[in-house]
Amino acid sequence: MLNAKVEEALNAQINAEFWSAYLYLSMSAYFEAEGKAGFAHWFRVQFKEEQAHAEIFINYVQSRGGRVRLMPIEAVPTEWESPLAVFKATLEHELKVTSLINNLYHIAEEEKDYATRSMLGWFVDEQVEEEENVKKYLDALSLIGDNGFGLYQLDKELSARVFNVPAPLANKQ
Ligand code: MG
């Protein structure tokens, strides 16, 4: 069984994952409207990943006999100045998510909930990858600046991203 403190923290994280999904879907819609289909596609994949993260937490709470409580999802931004501004906001957001995961890990340790701590290990590793990925495209966009051909090339590269069901969820299907 989950103790009340861990259960509450996991429910808060489910909401945070859905907020992330909502944010990336909003970014995808922004790019779609701007005529950047590759960027829009990349953020649509990002949206699906965040939804999957929420589902991993939902499944986990249920597997421990806990109660999932879905809360309202707060509004997300809908406009950005440029692709660079979107990726800057994305990195900032991922750094915040990393601190949320670290905080959860800390709570699990404090409460001596080693099963939750073990489950969170996957998310700790996932955040390293998220930050690295976003930083890579942020660097590329800084180099590209206003260069139309550079943006065209990056849009093409981003359009090739494939959504893979994250391992902890794939194992459940
Ligand atoms: Mg996530």
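**View 1. Aromatic pairs across the structure.** The whole structure holds 14 aromatic pairs (Phe, Tyr and six-membered Trp rings with centres within 6.5 Å; planes under 30 degrees apart are stacked, over 60 edge-to-face, the rest tilted). Phe39 and Phe87 are edge-to-face, because their ring centres lie 6.3 Å apart and their planes meet at 70°. This pair links distant parts of the chain: Phe39 sits in helix 2 and Phe87 in helix 3 (residues 83-110), 48 residues apart. Helices are DSSP runs of H or I, at least four residues, numbered from the N terminus. Both Phe39 and Phe87 are buried (under 20% relative accessible area, 1.4 Å probe, protein chains only).

This is a predicted model; local features need pLDDT of at least 70, side-chain atom pairs need pLDDT 80 or more, and totals for chains, interfaces and linings use all residues. Residues are numbered from 1 along each chain as its sequence is written, and side-chain values use heavy atoms, without hydrogens or water.

**View 2. The aromatic cluster.** One cluster is formed by Tyr24, Tyr30, Phe31, Phe39, Trp42, Phe43, Trp80, Phe87 and Tyr137.

**View 3. Charges over Trp rings.** Arg161 lies over the face of Trp42, 4.4 Å from the ring centre. Lys96 lies over the face of Trp19, at 5.3 Å. The criterion is NZ of Lys or CZ of Arg within 6 Å of the ring centre and within 35 degrees of the ring normal.

**View 4. The magnesium site.** Glu17 (OE), Glu50 (OE) and His53 (ND1) are the protein donors, 2.1 to 2.3 Å from the magnesium ion (N, O and S atoms within 2.8 Å of the metal, 3.2 Å for Na, K and Ca; water is not among the atoms, so sites may look incomplete). Their sequence spacing is E-x32-E-x2-H. Glu17 lies in helix 1 (residues 4-33) and Glu50 in helix 2 (residues 37-63), so the pair ties together parts 33 residues apart in sequence. Glu17 and Glu50 are buried.

Definitions and conventions:
Helix = DSSP H or I, 4+ residues; strand = E, 2+ residues; numbered from the N terminus. Buried < 20%, exposed > 50% of the residue type's maximum accessible area, 1.4 Å probe, protein only.
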